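Hi,

Here is the structure I promised to pass on. Have a look at it first, and then read my notes below.

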Amino acid sequence: MAGAGLINEADQAVARGDLRTAVGLLSQAAEAEPGNADLWMKVAALHRATGHPRNALHAVHRALAVSPLDFTMLLMKASLMQRLGDPEAGQAWGHAIAQRPDHELPPQLAAVMVEGERQHAAWIDSRETRLKAATQAAEAAAGKEERKRIERFRNNALGRTKVFHSSPTHFQFPELAEREFHPRRLFPWIADLEAATDMIAEELQAVMAAERAELVPYIQYDEHLPLAQWRPLNRNPDWTAIHLWRNGERVDANARHCPRTLELLSGFPQPQVGGSGPNAMFSLLAPNTAIPPHVGVNNARLVCHLPLIVPEGCWFRVGAETRYWKRGEAFVFDDTIEHEAMNPSDDLRVVFIFDVWHPDLTDTERAAVAALIGSEGGVGAL
C-alpha cells in the first residue's frame, strides 16, 4: 500500500478508536519515508497514547535524526524520558529549553515548559552536589584564586555560566592568555596606583573645576556606521570622559591639571601606538545609566580601572564575572571579552581608566603590534 494510502487507513483507524491498528499503519508509512519527521512524530504520539512510552521515544529519536534541534520534538523526548524515569531526563529538558522559541507558547506547551524547567533545575542541583563532592578534596587544598577557578570550572560544566572568549573588533594577536579579570600578581605597579587614589581624585576635582577643561561624550561616531549597540549613547552626555591621553595624543586642556597623575602613569607599561595609544581618562557615568555589552578593538592591550567616585550598587561585568566597583580598588581586565556596566544610583560614578600592554607580549611583539596598528592609522578605543 502506498504511503498516502497507509496514512488514510491510519486516520480511519484513529476515527473509530482503533489506535493499535493506526500506529501500525503509520509506522509502515514512516519507514517508507524515513526523512518525514512529522510522520515519526505522529507515530510517537500514538505510541504514547496507547501506553508505550519506550516505543514513542524511539519514534521521537527517528524524528530528531531528521531535525535534531526541533523544539517540539525535544520537548516530547524530555517528557517521555521523565515518564520512563531516565536519569538523564533533566539534561534532555535542558536541550529542549535551549531551543525554546521567542514567541509566546500555547498554554499546553507553556505548562509542559514550566514542569520542564523545574525538572531541569532539580537535575542541575543534583549534579552540582555530585560535582562539589568530587572536587571537595582539591578545593580544600586550593588557594583563594584556585578555588575561584575551580568553582568557575564547575559552573561552566553545569551551564550556570556562559563561556566567553576574546573577540576584538579589529586586531587579534594569537596565543595571548584570555582572562576576564587578570590577576594582580601580573601587575606589580597596581599597589602604587591604589596608594595614589586620593592624589588622583584631587587632580580629578581640579580638572573638573577648570574653565577650559574638555569634557566630551565617551562615544562619538558617524551615525551611518554599523554600531547599533552604541546608538543610545552616541554623543550622549550620560557617559562622558575627561581625556588625559586620547589615541596617543596628550589632551593638554585636561592634562595640565593632572601632572602627578601623568607622572605616575609614565612608570606603567602603556602602549605607545601611533593613532591608538596610550589612552588615559576619567570616565563619568551619569545616574541611572547603563553601558551596553560590547568588546574592544585590540587584545594586545588590557584596560585598568581605578574607581574614584562610586555610589552604592555600581557594577561592572566582564564575561561571566560581575564586580562592584570599590573606591581605591583597581583591577585589570580584557576589554575584548564582552563587558558592560551600570550605575543604578542617583549619583555620578567616576573611574580612572587607562590601557597597558598584555603581559604575555615580549618587547619584540609589542614593537610589531605598535608598527602594524600604527601603519593602519591607529584605531579608537571603542
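How many aromatic pairs does the structure hold? There are 12 of them, where rings of Phe, Tyr and Trp (its six-membered ring) pair if their centres lie within 6.5 Å. Before the details, a word on the source: this is a predicted model, in which local features need pLDDT of at least 70 and side-chain atom pairs count only at pLDDT 80 or more, while totals for chains, interfaces and linings use all residues. Residues are numbered from 1 along each chain as its sequence is written, and side-chain values use heavy atoms, with hydrogens and water left out.

One of the aromatic pairs is F282 with F352: the ring centres are 5.1 Å apart and the planes are at 40°, so this pair is tilted (under 30 degrees counts as stacked, over 60 as edge-to-face, the rest as tilted). It links distant parts of the chain, with F282 in β5 (residues 280-285) and F352 in β12 (residues 349-357), 70 residues apart. Helices (H or I, at least four residues) and strands (E, at least two) are DSSP runs, numbered from the N terminus.

Now the helices. The axes of α2 (residues 19-32) and α3 (residues 37-49) come within 9 Å and cross at roughly 155°; axes are lines fitted to C-alpha atoms, for helices over the stretch in contact, and angles run from 0 to 180 degrees between N-to-C directions. That makes α2 roughly antiparallel to α3 (over 145 degrees; under 35 is roughly parallel, 65 to 115 roughly perpendicular, the rest oblique). The contact (heavy atoms within 4.5 Å) includes L19, A22 and L26 of α2 and L39, W40 and L46 of α3.

α3 also packs against α4 (residues 53-66), at about 170° and with the axes 8 Å apart, which makes that pair roughly antiparallel as well. Among the residues that meet there are W40, M41 and A44 in α3, and P53, A59 and V66 in α4.

Last, the sheet. Four strands form an open sheet in the order β6-β11-β8-β9, with antiparallel pairing; two strands pair if DSSP finds at least two bridges between them. At the edges are β6 (289-294) and β9 (321-324), each pairing on one side only. Neighbouring strands are turned by 10° against each other on average, direction ignored. Inside the sheet, four bridges join β8 (residues 315-318) to β11 (residues 339-343), and R317 stands opposite E340 in β11.

Cheers
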